[in-house]
Amino acid sequence: MSNQLDFFPRYFTAKAIALYFILLVVLFMLFYNHSLPIFMVIIGVVEAAGFFYLSNLLTKRWSSISEKKFPKKLFALSLFIRVGWVIFSYIYYTIITGQPFEFDAGDTFFYNWNADRIHDGSIGIGYIRDQMGLDDCGYIYYLALIKTIIPGDIIITRLLKALLSAYTCILVYRIGQRNFGDKTARIAGIFCMLMPYLVYYCGLHAKETEMVFLVVLFIDRADFMFRSEKFNLATVGIPLLLAGVLFTFRTVLGMTALFSLLTVLLFPTRNPIKAWKRIFAGFWVVLIITYFISGRIASEITEVWQKKDENQSLSIQNKARINKFSDYASAAVFAPGILVIPLPTMVHVEGQENIEIINGGYYVKNILAFFIMLAFLRILKEKRIRDFTLLGSFTIGYLIIIAFSAFAQSGRFQMPVLPFLMLFGAFGVSKIKKSTTKYYFIYLIIIFVVIIAWNWFKLAGRDLI
């Protein structure tokens, strides 16, 4: 472990920042009439340049502080950043859209409206489950509960999102310590603290922040369960309960959670799980799965799987009504690049303000994908696949499902595994060698060309150029 880096080198962060500014200039020159509004440019610069500058600065400065102080500093700064964004975005959206919701706030407004109806007694909780299905009702119940416990403006809920998201960074650090060691865990915690996606959704009324928290908490408790000497009903019950809750937020998350548990039981790590533990845990996992497949959840799982190709086809057809090149999109195109996409929209297209405002966050993921791929290559080379059975099976399993769905290009639908991608990315950073610089430079050239082509595609497909 002594040859591992404990910081994100300036060589890599500086070039990532430089490339982002080059992209802004080149795209402005190529598509002047469709350039990003100045506010979107500023936000994008804060997201991209802020992430890479601070990740270099903080991974260096915080590498030497004690293990006791690091989580406190990580939580405090994470919370400060998120609360600041919550307050700013609340004011900004109220001024620009006339209400404290993002542009074209279909889902988020709908969630809040239904939660209000439950809170005032207009509808019952059974109505939501019956009308919307299981995989959306959990978040609405949560919103209604918050409105009951803490009445007031919706900013209260978003401040709670900031709190959950900040604590998610601590959970990522904790998972990282157990799986990768303290050096990598610190880098991953800082990545999650600064990741624009995770900050951005704290200012929306979408379910992503709570969903990410539940996913990370599930992995933390499942990881603890398989490592714990105290293996009892409570230890097993908590991750299984969390897996069940995930079904009420997104069906495929519940499926992936149970899949990851079974994967660890079938293919334990190098520190083998004692036979009685495997039998005990396996019994409860099988019992839970049996319960799930015997009821409504089974039909929803079947429906998700059967409609994956149909949903992607319909999504492509709908997009084709707007973008004539969308007919060429397919799972064969999306799947190979699932670690890299979505690509940033760095030109202005009417009606796409929500993805324009997070363009810097998408760019950050594009760059970190290099280090994530480097991590996977190192794990394969070092024959350490079984050291990361839980993390790997959940992350890769979920990404495969998304890659072959209608939502392959959606950053929102990739968010549940984003913290784990940050963990692998941090591991990739810790394994940087001198030779890595050559491949990184080539990767940046490829990303430059791909992002330019993507933004041309956005405009040309709509006959805007």
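Helices here are DSSP runs of H or I with at least four residues, strands are runs of E with at least two, and both are numbered from the N terminus. Ala 243 sits in one of these, helix α11, which covers residues 233–247. The model is a predicted one, so local features need pLDDT of at least 70 and side-chain atom pairs count only at pLDDT 80 or more, while totals for chains, interfaces and linings use all residues. Numbering starts from 1 along each chain as its sequence is written, and side-chain values use heavy atoms, with hydrogens and water left out.

Now for the overall picture. The protein has 22 helices and zero strands. Of its 465 residues, 56% are buried, where buried means under 20% relative accessible area, exposed means over 50%, and partly exposed is in between (1.4 Å probe, protein chains only). Contact means heavy atoms within 4.5 Å. Taking contacts between residues at least 6 apart in sequence, 81% join residues at least 24 apart.

Two helix pairs are worth a look. Helix α1 (residues 10–30) and helix α22 (residues 436–460) have axes that come within 11 Å and cross at roughly 25 degrees. Axes are lines fitted to C-alpha atoms, for helices over the stretch in contact, and the angles run from 0 to 180 degrees between N-to-C directions. Angles under 35 degrees count as roughly parallel, over 145 as roughly antiparallel, 65 to 115 as roughly perpendicular, and the rest as oblique. That makes α1 roughly parallel to α22. The crossing of α1 and α22 is right-handed; a crossing gets that label if the near helix is turned clockwise from the far one by less than a right angle, and is left-handed if anticlockwise. On the α1 side, the contact includes Tyr 11, Phe 12, Leu 19, Leu 23 and Leu 27, and on the α22 side it includes Tyr 440, Leu 444, Ile 447, Phe 448 and Ile 451. By class, the contact of α1 with α22 has 15 nonpolar, three polar and one charged residues. Here Ala, Val, Leu, Ile, Met, Phe, Trp, Tyr, Cys and Pro count as nonpolar, Asp, Glu, Lys and Arg as charged, and the others, Gly among them, as polar.

The other pair is α3 (residues 69–97) with α8 (residues 182–194), packed at about 15 degrees with axes 9 Å apart. α3 and α8 are therefore roughly parallel as well, and α3 passes α8 in a right-handed crossing. From α3 the contact draws on Phe 70, Leu 74, Leu 77, Ser 78, Ile 81 and Arg 82, and from α8 on Arg 186, Gly 189, Ile 190, Cys 192, Met 193 and Leu 194. Sorted by class, this contact of α3 with α8 has eight nonpolar, two polar and two charged residues.

Leaving aside neighbours within four places in sequence, Ala 243 is in contact with Phe 218, Gly 254, Ala 257 and Leu 258. Its C-alpha atom is 9.6 Å from that of Ile 219, 24 residues away along the chain. Leu 246 also lies in α11 and is buried, with a relative accessible area of 0%. With neighbours up to four places away set aside, Leu 246 contacts Met 211, Leu 214, Val 215, Phe 218, Leu 253, Gly 254 and Ala 257.

Over in α22 there is Trp 454, which counts as buried at 18% relative accessibility. Trp 454 touches Leu 343, Pro 344, Thr 345 and Gln 409, not counting residues up to four places away in sequence. Trp 454 and Pro 344 are 110 residues apart in sequence, yet 8.2 Å apart C-alpha to C-alpha.

Most residues other than glycine have a negative phi, and most peptide bonds are trans. A cis peptide bond joins Ile 341 and Pro 342, with omega about 5 degrees, and Pro 342 lies in the loop between α16 (331–334) and α17 (353–356). Lys 383 has a positive phi, near 55 degrees, in the loop between α18 (359–381) and α19 (389–403). Lys 383 is exposed, with a relative accessible area of 64%.
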